[in-house]
Amino acid sequence: MRLWFRVLDFQFSVVEELAVLSSFMARILDKIKSIDGSRETLKLAVRITNLWFVGTPNKSEQAEMVIVDSEGDQIHAICKADQLKSWKADLKENSTYVMHNFKAVKNDGQFRVCEHQYKLVFTGVTIVRESDLHQLPFKEFRFVEFGNVIGGNFEAGLLVDIIEFADQVLFRHVS
């Protein structure tokens, strides 16, 4: 009878250890707003809200995208030509993914597509797994009022959404 209890205790402790180990392996998801450039082992649950390709198809092409997390925060992500071969068929606009391991670099280019101070770059160890995450938001337009554009009250270099409206053309000049 005593031996049976020892076996039961041993089995219980193994189960406990496995539970602790699996909790470490199932990392908590990071949030886009917490990205500060200090880590490359990010784990994000995101939706690709915008996806476009820059360059010449099948030559020096790279994918650029805006991704959004569950809190609606957005960040610019880039998949350069050397990594694009691995991911091009899997990346789809409006699809949801769990993505791991990026290089975070300063978002200080001439034209920025997101306000976030960093952008993410795919590396050789980036993992992208399509997941069914319906709760993630779709593209949210961030409109700027005409008055702010005309008055110069906007962040230079940050691309924004506007709705174009023309009442009439008063002057036309072709150069």
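F102 stands opposite F122 in β5; strands here are DSSP E runs of at least two residues and helices are H or I runs of at least four, numbered from the N terminus. The model is predicted, so local features need pLDDT of at least 70 and side-chain atom pairs count only at pLDDT 80 or more, while totals for chains, interfaces and linings use all residues. Residues are numbered from 1 along each chain as its sequence is written, and side-chain values use heavy atoms, leaving out hydrogens and water.

**Strand pairing**
- β4 and β5 pair in the antiparallel sense over nine bridges; pairing requires at least two DSSP bridges between two strands.
- β3 and β5 pair in the parallel sense over three bridges.
- I78 has V121 in β5 as its bridge partner.

- Beyond four places in sequence, the contacts of I67 (heavy atoms within 4.5 Å) include I32, L44, V46, D73, I75 and L120.

**E61**
- E61 lies in the loop between β1 (43-54) and β2 (62-68).
- E61 has a relative accessible area of 8% and is therefore buried (under 20%, with a 1.4 Å probe and protein chains only).
- The side chains of E61 and K88 make a polar contact of 2.8 Å (N or O atoms within 3.5 Å, one able to donate a hydrogen and the other to accept it, with sequence-adjacent residues counted only if both atoms are side-chain atoms).
- Leaving aside neighbours within four places in sequence, E61 also contacts residues including F53, K80, A81 and L84.

Methods:
Buried < 20%, exposed > 50% of the residue type's maximum accessible area, 1.4 Å probe, protein only.
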